[in-house]
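Good morning, colleagues. Please look at the sequence and the fold as they are shown.

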Amino acid sequence: MIARRIAAVVAALLAGAGVGACGSATTAEARRNDQPAAIAPAPEARRAASGVRAVARTSAVVRNVPSAFPLPAGSRVADLSDPESGASFTLTAPDPAAVLSFYRRELPRAAFTIVADRVEDDATSLSFRDAHGWAGAIFATTHRVTVAVKRA
């Protein structure tokens, strides 16, 4: 039952982002590499105009996340989809419990409001938004964490 709920919420969040309910990208922007993530400065004009920051990876740069959206130290990103409407990706490191703890602590500090925090069976979901029109969800199981952030 939780799997259906998670799939429905992810599908709704990513419907405009070119990603299907199963998380498979329908565009060439999808990346299957598991690479360390790091913050890379976005060009000043882009950052000022859109409030978007870039997250650098070895083979790609995630550009479509809010400038205040944090990543846990040591993050490793896989399954990246990064269309203009927002980004979705899987964090393969750190472990899901550490990622959830990080986001519960850091999202409010970064001016995001956690609107739902649900734990059911073996899955946890956090939904959040900010005052600038961004919304997102974080889904964690014992094995992985999927993050989806979209302009609302």
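I shall speak about the nonpolar core, then the strands around it, and finally the aromatic rings. Please bear in mind throughout that this is a predicted model.

Let me begin with the core. The largest nonpolar core contains 23 residues. Those with the most contacts inside it are Phe-69, Phe-89, Leu-91, Tyr-103, Ile-138 and Val-147. At least two residues of this core come from each of strand 5 (76-81), strand 6 (86-93), helix 3 (96-109), strand 8 (123-130), strand 9 (134-140) and strand 10 (145-151). Helix 3 provides the largest share, namely five residues. As general background, nonpolar side chains in soluble globular proteins tend to be buried together.

I turn now to strand 10. How much of strand 10 is enclosed by the rest of the structure? Five of its seven residues are buried, so strand 10 is largely enclosed. Strand 10 pairs with strand 6 in the antiparallel sense, over six bridges. Here Phe-89 has Val-147 of strand 10 as its bridge partner. Strand 9 also runs antiparallel to strand 10, and seven bridges join the two. Trp-134, for instance, has Arg-151 in strand 10 as its bridge partner.

Finally, the aromatic rings. There are five aromatic pairs in the structure. In one of them, the ring centres of Phe-69 and Tyr-103 are 5.5 Å apart and the planes lie at 25°, so the pair is stacked. These partners are 34 residues apart: Phe-69 lies in the loop between strand 4 (61-66) and strand 5, and Tyr-103 in helix 3. Phe-69 counts as buried at 1% relative accessibility, and Tyr-103 counts as buried at 0%.

Phe-69 has a further stacked partner in Phe-128, with ring centres 5.7 Å apart and planes at 20°. That pair, too, links distant parts of the chain, since Phe-128 is in strand 8, 59 residues from Phe-69. Phe-128 is likewise buried.

Which residues do the ring pairs link into a cluster? They are Phe-69, Phe-102, Tyr-103, Phe-112 and Phe-128. Thank you for your attention.

Definitions and conventions. Residues are numbered from 1 along each chain as its sequence is written. This is a predicted model: local features need pLDDT of at least 70, side-chain atom pairs count only at pLDDT 80 or more; totals for chains, interfaces and linings use all residues. Side-chain values use heavy atoms; hydrogens and water are left out. A nonpolar core is a set of buried Ala, Val, Leu, Ile, Met, Phe, Trp, Tyr and Cys residues joined through side-chain atoms within 4.5 Å. Buried means under 20% relative accessible area, exposed over 50%, partly exposed in between (1.4 Å probe, protein chains only). Helices (H or I, at least four residues) and strands (E, at least two) are DSSP runs, numbered from the N terminus. Two strands pair if DSSP finds at least two bridges between them. Rings of Phe, Tyr and Trp (its six-membered ring) pair if their centres lie within 6.5 Å; planes under 30 degrees apart count as stacked, over 60 as edge-to-face and the rest as tilted.
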